[in-house]
Amino acid sequence: MNSLGEAFIAAWQLLAGFDAELAQVVGLSLQVSITAVLIATLIGLPLGATIAVERFRGRQMLIVLLNALMGLPPVVVGLLVYLLLSRAGPLGSLGILFTPQAMIIAQTVLIAPIIAALSRQTIEDAWREYEEQLRSLGARRLTAGMTLIWDTRFSLLTIVLAGFGRAVAEVGAVMIVGGNIDGVTRVMTTTIALETSKGDLPLALGLGIVLISLVVVLNALVAVIREAALRRYG
Amino acid sequence: MAIVRGVVLALTLLGVLQGPAAWAQQKSIVVASTTSTENSGLFKHILPIFKTKTGIDVRVVAQGTGQALDTGKRGDADVVFVHDKVKELALVKEGAFVNRNDVMYNDFVVVGPKSDPAKIVGSKDVTAALKAISAAKAPFASRGDKSGTHAAELRLWQAAGVDVASGKGGWYRETGSGMGATLNTASGMNAYALTDRGTWLSFKNRGDLTIVVEGDKRLFNQYGVMLVNPARHSHVKKELGQSFIDWLVSADGQKSIANYKIGGEQLFFPNAGR
Amino acid sequence: MLPLEFSDLSYAVGDTRIIRGISARIEAGPRTVILGPNGAGKSVLMRLCHGLLIPTGGRITWHGARNGDVRRHQAMVFQRPVMLRRSALANVVYGLELAGKSRRESGLRAMDVLEVVGLAPYATRPARVLSGGEQQRLALARAWALGPEVLFLDEPTANLDPSATHDIENIINAIHASGTKVIMTTHNLGQARRLGDEILFMSNGRLMEHTPIDRFFREPASAEAAAFIKGELPWQ
């Protein structure tokens with residue numbers, strides 16, 4: 001028996017006979033991870049930009065901390081968010097455990113540090129190049145920060161995409177806080193985990209191939225945009 | 001400004017800003033249950049029937065029995081549907097749950113490699129078989145995750161008079177994971193394992209494994225359902241939860257359970273109120 | 001706001017003294033060239049004047065007042081132009097909007113300036129794909145658009161070929177002719193001769209001479225200046 005061969009056949013069948021259930025799982029994966037990336041970007045980008053252009057006490061510590069947080073284990077994040085959102089926890093009254101919102105929160109916690117840390121690096125490099133010119137033109141920190149974000153937008157897009165890749169591919173956190181409820185919180189990765197535990201390895205791997213293809217297509221898309229943009233805007 | 005407006009629009013489209021209210025409006029309950037019932041496909045069979053009858057959407061969170069009981073205790077589910085009768089009754093007594101009912105049973109089987117190093121194929125005496133496995137130091141894969149199956153397995157070892165602690169790291173291997181994952185492990189290293197029949201029947205990656213011991217009365221596996229105590233957790237949807245419990249033990253619910261078959265084989269045997 | 005005066009101005013980073021007690025008075029009118037070898041402290045002096053660096057000793061005064069709101073009235077062009085990742089026109093508009101001009105006014109003014117520096121046909125081109133010489137012209141346009149009383153130029157042609165250098169020098173003269181005080185650094189004697197009315201000659205963090213251009217080349221007062229003019233490099 002050839003599991004890999006079967007997996008590719010299963011993946012092909014999944015894609016070819018794109019059934020409603022699969023569509024829903026893929027759709028929810030995208031909805032949760034895209035939302036988490038948007039929120040994490042809204043938090044991480046301004047944070048990264050601020051750290052890049054401001055000088056304050058404890059800045060170096062904060063950078064070290066952010067860089068360390070990039071490697072947060074998803075299971076730990078899941079557990080923390082679970083304990084927060086559990087009825088017995090501090091945010092229990094929201095009643096959003098085992099909902100997509102809980103998954104969005106967990107993924108946001110997971111990737112906001114990644115986006116903050118990487119954009120800090122990118123924006124700080126740009127700041128080194130731009131600082132004198134922007135100060136000469138009389139830009140205040142806020143304006144300078146916005147200008148840097150705008151000018152590094154294509155690099156930042158890659159960073160945001162890295163965040164998305166991490167969010168959409170992680171299973172530990174969403175499994176714990178989402179509960180892998182059929183039709184409600186079941187996403188691609190938790191489906192893969194479930195099918196693996198059912199011993200249906202070809203189907204699990206087939207889904208994995210669908211997931212990887214999706215991420216590859218997205219990355220290719222951004223690479224093309226970036227390439228075109230660099231040629232256009234220099 | 002255009003950026004901010006774009007983000008708000010995107011979030012709205014993605015349904016984030018609807019908030020939890022939108023979820024609460026639907027008639028739904030959360031049931032903490034076990035991986036074995038979920039993996040066997042039983043819920044996929046019975047829940048649509050229940051939904052048609054009552055309009056209630058049942059959201060199953062499949063965990064190990066130990067974790068499912070904890071989820072219920074914390075108030076994160078409305079109903080738990082698990083298989084560790086001893087522990088269930090203890091928790092009812094303690095006040096964490098109310099209205100416990102027997103629902104159904106299935107049975108455990110011992111699976112093992114066709115080469116059968118412990119020479120136990122066809123045995124109907126599970127404790128003798130376990131003794132033989134330990135005597136032969138044949139590899140055995142245990143859940144090791146405090147699940148209902150794990151608890152049942154430990155009771156059987158005890159009945160067989162085998163101290164598995166001495167085999168840890170050697171022939172006795174704890175996977176610390178769900179039933180399916182443990183079967184994957186057993187299949188990978190040609191080990192014996194105790195599994196519920198439902199998971200086994202729907203398990204596809206069997207490799208060289210086959211059923212070696214079945215039919216012993218001590219291998220019966222009782223499932224029970226109970227409501228999270230609404231006196232402890234006021235948000236518990238007790239009417240909706242109770243109607244699910246009532247349906248499971250009703251003639252209609254029991255018949256639906258009996259009707260679930262894989263390859264012509266019945267997986268669960270309803271025994272509510274008996 | 002001129003004259004610009006330094007008294008005993010110094011600047012140090014740690015133990016390294018880069019500017020060592022310079023006193024001078026720069027009047028409105030003539031094109032001032034700060035001349036000297038690499039490492040003499042020319043660029044640092046200019047950054048101190050422009051307010052990008054804070055002196056560690058002495059003081060700078062504009063028309064007798066300390067460096068307060070004077071940034072509004074000055075602009076600076078750097079050796080390597082920093083082009084924002086947007087169109088040529090938008091680069092000029094950016095500076096104008098920062099200076100508080102309305103979007104409409106900025107657009108009109110920016111087009112005018114691009115016209116003068118010969119970049120009008122490239123207005124919508126991304127600034128970063130322009131050639132080095134075009135980028136420096138754009139940087140000049142961005143600075144000039146602000147209508148500064150004083151324009152600082154830090155080695156504006158150091159990275160350019162002769163033809164581009166020629167264009168830049170013409171624009172600098174046009175800016176001067178329009179009534180803006182030009183203060184520039186260079187290590188290029190030819191450029192100093194072409195563009196300078198008066199020379200501040202610096203060596204090793206000190207101001208060696210402050211003289212009109214023809215006297216500087218005819219009879220340099222310091223040995224360092226004489227050696228520099230001869231093309232010798234005694235400081236190495």
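**The interface between chains A and B**

Between chain A and chain B, twelve residue pairs are in polar contact, with both residues at pLDDT 80 or more. The model is a predicted one.

Start with the chain A side. The largest share comes from H2(A), with seven residues. By residue type, this side of chain A divides into 18 nonpolar, nine polar and six charged residues.

Now the charged pairs. Three salt bridges are counted between chain A and chain B. One of them can be found at A:Arg186, which pairs with B:Glu38. The closest N and O atoms of A:Arg186 and B:Glu38 are 2.5 Å apart.

Next, the extent of the interface. On one side, 33 residues of chain A are in contact; on the other, 29 residues of chain B. The two chains bury about 2,600 Å² between them. Carbon and sulfur atoms give 60% of that area. Within chain A, the residues that lose the most area to chain B are A:Arg87, A:Phe98 and A:Lys198. Together these three account for 21% of what the chain A side buries.

Last, step back to the whole assembly. Two pairs of chains are in contact, and chains A and B share the most contacts of the two. Chain B and chain C are joined by no contact. The closest C-alpha atoms of chain B and chain C lie 16 Å apart.

Technical notes. Residues numbered from 1 in each chain as written. Chains lettered and ligands numbered in written order. Predicted model: local features only at pLDDT ≥ 70, side-chain atom pairs only at ≥ 80, totals over all residues. Heavy atoms only, no water. Contact = heavy atoms within 4.5 Å. Buried area = accessible area lost by both parts, 1.4 Å probe. Salt bridge = Lys/Arg side-chain N within 4 Å of Asp/Glu carboxyl O. Polar contact = N/O pair within 3.5 Å; in protein donor to acceptor, adjacent residues only side chain to side chain. Helix = DSSP H or I, 4+ residues; strand = E, 2+ residues; numbered from the N terminus. Nonpolar A, V, L, I, M, F, W, Y, C, P; charged D, E, K, R; others polar.
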